[in-house]
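Colleague: I'd like to learn how to read helix packing and pockets from a model. Could you walk me through an example?

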Amino acid sequence: MNRLMELILKNKSEAKYTILISIDIKVAFNSLWWPSILQTLSKDGCPTELINTITDYLDNRNIEFNYGNATIKHQIQKGCPQGSCLGQFLWSVIANKILNQAWDHATNLQAFADDFILTITSDNRKDMEKKAEQALQKFMNWAINAKLQISEQKTQASKGNQ
């Protein structure tokens, strides 16, 4: 958060245009797609033993609902509990795919758990808006590939000018 405040104050002192876009991922932890997690871990050189342990953790997970004499059981194939021991780690595996991408020098992306903030700065408003569109498109492509949905209701933009 300090880094974000420093960036905003720096841009203001340099009379630059800035836009902050806070992006919320709909039910982020419950939407984590397991094949993407396992593929990313493998691609990033994670030890096979650890991948096997995580695979075992994710395999054969069920939700069971009991009501009266009836029991409904459903096998789940994505997601992880937000407060679980592995939840934050598994989320980070996917989130790091967008956080570690190369961004335009005027674009900054930060994450706070499952929320993101894009900060775009420019000397003129038109250029800032163009860079913001490009950054959002890049972010949306990541979300689509990760099988995540952006919450349009919770995603907001705040423009600051010179």
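Predicted model: local features only at pLDDT ≥ 70, side-chain atom pairs only at ≥ 80, totals over all residues.

Colleague: Good to know. How do I describe the packing of two helices?

Modeller: Two packed helices are described by the angle between their axes and the distance between those axes. Here, the axes of helix 3 (residues 34–43) and helix 4 (residues 48–58) come within 10 Å and cross at roughly 175°. That makes helix 3 roughly antiparallel to helix 4, since angles over 145 degrees count as such.

Colleague: Which residues of helix 3 and helix 4 meet?

Modeller: From helix 3 there are Trp34, Leu38, Leu41 and Ser42, and they meet Ile51, Ile54, Thr55 and Leu58 of helix 4. By class, this contact has 6 nonpolar, 2 polar and no charged residues.

Colleague: And at what angle do helix 3 and helix 5 pack?

Modeller: The angle between helix 3 and helix 5 is about 70°, and their axes are 10 Å apart. Helix 3 and helix 5 are therefore roughly perpendicular to each other. Ser36, Ile37, Thr40 and Leu41 of helix 3 make the contact with Phe89, Leu90, Val93, Ile94 and Lys97 of helix 5. This contact divides into 6 nonpolar, 2 polar and 1 charged residues.

Colleague: Let's turn to pockets. How is empty space found?

Modeller: Rolling a probe the size of a water molecule over the atoms shows where empty space is left. In this model, the largest pocket holds about 210 Å³ of space. Its lining consists of Gln39, Thr40, Lys43, Asp44, Phe89, Ser92, Val93, Asn96, Lys97 and Asn100. Helix 3 and helix 5 (87–99) are the elements that give two or more residues to this lining, and helix 5 has the largest share, 5 residues. By class, the lining of the largest pocket has 2 nonpolar, 5 polar and 3 charged residues.

Colleague: What lines the second largest pocket?

Modeller: That pocket has about 160 Å³ of space, and its lining includes Leu7, Lys10, Asn11, His105 and Lys131. Helix 1 (2–13) and strand 5 (115–122) each supply at least two of the lining residues, with helix 1 giving the most, 3 residues. The lining divides into 2 nonpolar, 4 polar and 5 charged residues.

Colleague: How far does helix 1 reach from its first C-alpha to its last?

Modeller: The 12 residues of helix 1 reach 16 Å, close to the 16 Å expected at 1.5 Å a residue. Just after helix 1, Ala15 takes a positive phi of about 55°.

Notes: Residues numbered from 1 in each chain as written. Heavy atoms only, no water. Axes fitted to C-alpha atoms, helices over the stretch in contact; angles between N-to-C directions. Helix = DSSP H or I, 4+ residues; strand = E, 2+ residues; numbered from the N terminus. Parallel < 35°, antiparallel > 145°, perpendicular 65-115°, else oblique. Contact = heavy atoms within 4.5 Å. Nonpolar A, V, L, I, M, F, W, Y, C, P; charged D, E, K, R; others polar. 1 Å grid on protein atoms, 1.4 Å probe; cavity = no way out; pocket = protein on both sides within 12 Å on 5 of 7 lines; lining within 4 Å. Points joined across faces, edges and corners; volume = space filled by probe spheres on them. Expected span 1.5 Å × (residues − 1).
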